[in-house]
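Subject: Structure handover

Hello,

The structure is passed on to you below, together with its sequence. My notes follow it.

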Amino acid sequence: MKPQNKEYSENYLFNDLKGLCLISPTDSVKPIFEPKIRLGILASGNGSNFEYIIKAIKNNQLNAEITILIVNNPDCLAINKAIKYNINYVIINHRICDSRLEHDNLVMNKLEELSVELVVMAGWMRIVGERLINRFKNRLINIHPSLLPSFKGIDAIQQAIDKRVKITGCTVHYVQKEVDSGSIIIQAAIPIKQDDSKETLTKRIQEMEHIILPLAIAKVAKDIRTIVRDNK
Ligand code: GRF
């Protein structure tokens with residue numbers, strides 16, 4: 001069943017179970033957390049996931065504020081979305097840095113300067129180093145277009161097609177040193193149809209990404225707020 005309206009309603013999730021995908025866990029539906037979480041978004045590509053985070057905020061499905069979009073690629077289309085929605089953005093081009101560490105440090109400094117609480121890699125095509133990962137421990141998440149731990153790394157959708165798996169999906173996970181290996185926050189399983197091309201499958205996976213990423217952000221934000229409260 002094709003989602004008509006990407007709302008965080010249990011109806012939506014259960015309707016979908018009868019159709020062509022399965023999201024788990026579903027306990028992340030409508031998590032309550034206050035105050036707004038301050039997000040930093042990292043992107044390198046089209047920025048469709050970035051746009052769906054913006055939409056989730058606008059629709060009051062995510063109590064969050066995007067403090068900055070950071071891109072590493074000056075030509076990436078995510079920038080157009082930042083302009084369209086009037087969101088602060090900065091280009092930190094890795095090509096002008098001498099090392100990965102230098103690039104990571106520039107990214108980290110920007111996130112710290114803006115007091116970002118949760119960093120979301122929404123199509124960020126760069127490996128980040130341990131310093132950045134440790135600085136944002138349990139506050140740095142990534143979306144990947146496969147059912148991890150299967151098909152890590154680049155071109156995950158093609159990897160799944162090549163292996164002729166019958167079910168693939170997408171995953172939001174915490175970032176750790178090993179690529180696409182941190183603990184899993186939420187996944188959507190998506191059957192591969194016999195007549196699927198890479199394009200049709202990519203489209204269905206992305207539709208689910210746009211749903212699970214805001215859910216994952218809400219879930220992690222709730223954890224962050226709970227930990228802060230418990231430590232008071
Ligand atoms: C997504 O498929 C994501 O899983 C992968 O990169 C893609 C980014 O798409 N890491 P977009 O830039 O959000 O449209």
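In these notes, buried means under 20% relative accessible area, exposed means over 50%, and partly exposed is in between, with a 1.4 Å probe and protein chains only. Helices (H or I, at least four residues) and strands (E, at least two) are DSSP runs, numbered from the N terminus. This is a predicted model, in which local features need pLDDT of at least 70 and side-chain atom pairs count only at pLDDT 80 or more, while totals for chains, interfaces and linings use all residues. Residues are numbered from 1 along each chain as its sequence is written, and side-chain values use heavy atoms, with hydrogens and water left out.

Strand 2 (residues 37-43) is mostly covered, with six of its seven residues buried. Two strands are said to pair if DSSP finds at least two bridges between them. Strand 2 pairs with strand 3 (residues 64-71) in the parallel sense, over seven bridges, and leucine 42 stands opposite isoleucine 70 of strand 3. Between these strands the chain passes through helix 2, and this β-α-β crossover is right-handed: with the strands pointing away from the viewer, the path from the first strand over the helix to the second runs clockwise.

Strand 2 also pairs with strand 5, again in the parallel sense, over four bridges. Here leucine 39 is opposite leucine 118, and glycine 40 is opposite valine 119.

In a regular strand the side chains alternate between the two faces of the sheet. Strand 5 (residues 118-121) is covered on both faces: Leu118 and Val120 are buried on one side, Val119 and Met121 on the other. Strand 5 runs parallel to strand 6 (residues 140-144), joined by three bridges. Methionine 121 has asparagine 142 of strand 6 as its bridge partner. The chain goes from strand 5 to strand 6 by way of helix 5 (residues 130-135), in another β-α-β crossover that is right-handed.

Helix 2 spans residues 48-58, and its buried residues include Ser48, Asn49, Phe50 and Ile53. Just after helix 2, asparagine 60 has a positive phi of about 60°.

Glutamate 113 belongs to helix 4 (residues 100-113). This glutamate counts as exposed because its relative accessibility is 55%. The side chains of glutamate 113 and lysine 110 make a polar contact of 3.2 Å. A polar contact is a pair of N or O atoms within 3.5 Å; within protein, one must be able to donate a hydrogen and the other to accept it, and residues adjacent in sequence count only if both atoms are side-chain atoms.

The ligand

Residues around the ligand (a heavy atom within 4 Å) include Gly45, Asn46, Gly123, His144, Pro145, Gln206 and Glu209. A backbone N or O atom of asparagine 49 is 2.9 Å from an oxygen atom of the ligand. On the nitrogen side, a ligand atom lies 3.1 Å from a polar backbone atom of isoleucine 143. The protein covers 87% of the 360 Å² of accessible area that the ligand has on its own, by the Shrake-Rupley method with a 1.4 Å probe; for residues, only the protein chains shown count as cover.

Cysteines

How many disulfides does a search of the whole structure find? The search finds zero, a disulfide being a pair of cysteine sulfur atoms within 2.5 Å. Cysteine 97 counts as buried because its relative accessibility is 12%, and cysteine 170 counts as buried because its value is 0%.

Regards
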